[in-house]
Amino acid sequence: MTTGVTVNALADGGLERREHALLPPRPGGALLAVERANICGSDVHVWRGGHPTLHDCVLGHEFVGRIVRTDGSPMVDARGEPLSEGDRLVCTYFRVCGSCAMCALGRTHLCERAYDSWGHSSLRRPHFRGAFASHYQLHPEQIRVKVPAGMPSELAALANCAVAQGLAVVDAIRPDLVDGPCLVIGAGALGLATVAGGSAVAAWDVYDRVPSRRRIAERFPNARSLGEVSSAGTLGGVYDVVVVAAGSPESFVTALEQVRPGGQIVMMGIINTRPTDTVSFIPGVLTRKGVTVTSVIRYQQRHLIAAVDLLSGPTPLREIPLADYALDDIDDALAAAERHESGRVSLVPDLDRGGL
Ligand SMILES: [Zn+2]
Ligand SMILES: [Zn+2]
């Protein structure tokens with residue numbers, strides 16, 4: 001096979017299918033065949049034109065791929081395990097250059113070149129920089145972890161970004177508060193991954209207004225789902241930790257009300273920075289309640305390794321239902337993801353063809 005297919009999201013909300021040559025990978029990189037790519041909430045957001053700069057790009061960043069070509073030199077994953085053609089892997093959607101000021105400080109999740117290979121148009125070489133495609137060009141600076149033999153791609157695809165990101169949230173919870181009670185706002189894969197990776201003895205309440213999402217949360221043994229939260233007053237609140245895993249700016253106001261004095265808000269789901277993404281709250285409440293606000297953006301290598309390990313065991317994350325669509329049906333798939341009909345909507349490039 002010498003060519004592959006990408007699906008490009010355009011500024012007007014249109015999707016354009018393009019065919020491109022499969023170029024040899026750069027040294028330290030690899031050409032992957034996409035086995036399964038999930039649709040993350042941020043993909044839907046960009047598709048809807050909500051991103052200020054992305055107007056022609058190949059979306060898709062939560063996926064599992066199989067190596068079909070390397071540069072011929074030895075290649076290892078983040079654990080140091082050798083990788084070769086035929087192996088499956090998951091990788092960060094961002095790069096870690098290892099040499100910028102942030103990487104030098106060990107804050108690799110804030111690498112200054114994190115997005116240098118992300119959100120590109122397929123017209124730009126090497127064409128395959130998003131996972132809503134038949135193939136993907138892995139950059140040498142993307143952290144990769146080999147998928148254990150026998151792990152279904154349905155599970156592996158959740159490792160990046162949902163599960164690794166959820167584990168980064170768990171990591172950010174103050175040690176004195178880890179056993180809760182905790183409230184997670186948003187029962188999407190990110191919120192559920194936080195519950196799955198968090199303290200087993202903590203009481204986890206998961207708040208989401210979408211009934212189908214609450215039904216998934218109810219399958220988690222340590223979680224209780226809520227369709228609404230009771231008013232806590234200006235300076236009240238009962239939760240030691242409130243995790244904002246939803247994307248609406250109003251979620252922060254809810255978190256500020258629900259967290260108890262001395263507690264912690266962990267910000268993760270709200271990522272939009274448009275002038276309209278504002279919300280009204282009383283800053284003095286933050287001061288008077290003595291609340292810690294911690295923001296989590298991207299994650300570190302250990303979180304991706306831990307995500308694969310978590311998914312290898314008997315985790316409730318296996319309960320997240322997936323809906324499979326062929327790459328040709330991406331319009332329907334994105335619409336289904338927007339309607340929150342399933343836990344995760346997946347694009348499977350070879351669904352109709354029985355193998356690439
Ligand atoms: Zn994502
Ligand atoms: Zn860096």
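This is a predicted model: local features need pLDDT of at least 70, side-chain atom pairs count only at pLDDT 80 or more; totals for chains, interfaces and linings use all residues.
**Helix H10**

Helix H10 spans residues 330-338, and its buried residues are Ile 330, Ala 333, Leu 334 and Ala 337. These residues lie on the same side of H10, because they cover an arc of only 95° around the axis.

The buried residues of H10 pack against several strands and a helix. The table lists these partners.

| Partner of H10 | Residues |
|---|---|
| strand S1 | 3-10 |
| strand S2 | 15-21 |
| strand S3 | 30-39 |
| helix H1 | 41-47 |
| strand S17 | 322-326 |
| strand S18 | 344-348 |

Just after H10 comes His 340, which has a positive phi of about 55°.

**The six-stranded sheet**

Elsewhere in the model, six strands form an open sheet with parallel pairing, in the order S13-S12-S11-S14-S15-S16. Strand S13 (223-226) and strand S16 (292-295) are the edge strands, each pairing on one side only. From one strand to the next, the twist averages 20°.

How is strand S12 joined to S13? Strand S12 (residues 204-207) runs parallel to S13, and four bridges join the two. Within this pair, Tyr 207 stands opposite Leu 226 in S13.

Helix H7 (residues 250-258) packs on the sheet. Helix H7 touches strand S11 (182-185), strand S14 (239-244) and strand S15 (259-267). The direction of H7 makes about 175° with that of S14.

Note on methods: Residues are numbered from 1 along each chain as its sequence is written. Chains are lettered from A and ligands numbered from 1 in the order in which they are written. A residue is buried if 20 or more other C-beta atoms lie within 10 Å of its own, exposed if 12 or fewer, and partly exposed in between; C-beta atoms are placed from the backbone. The arc is that of the directions from the helix axis to the C-beta atoms. Two residues are in contact if their C-beta atoms, placed from the backbone, lie within 7 Å. Two strands pair if DSSP finds at least two bridges between them. Axes are lines fitted to C-alpha atoms, for helices over the stretch in contact, and angles run from 0 to 180 degrees between N-to-C directions.
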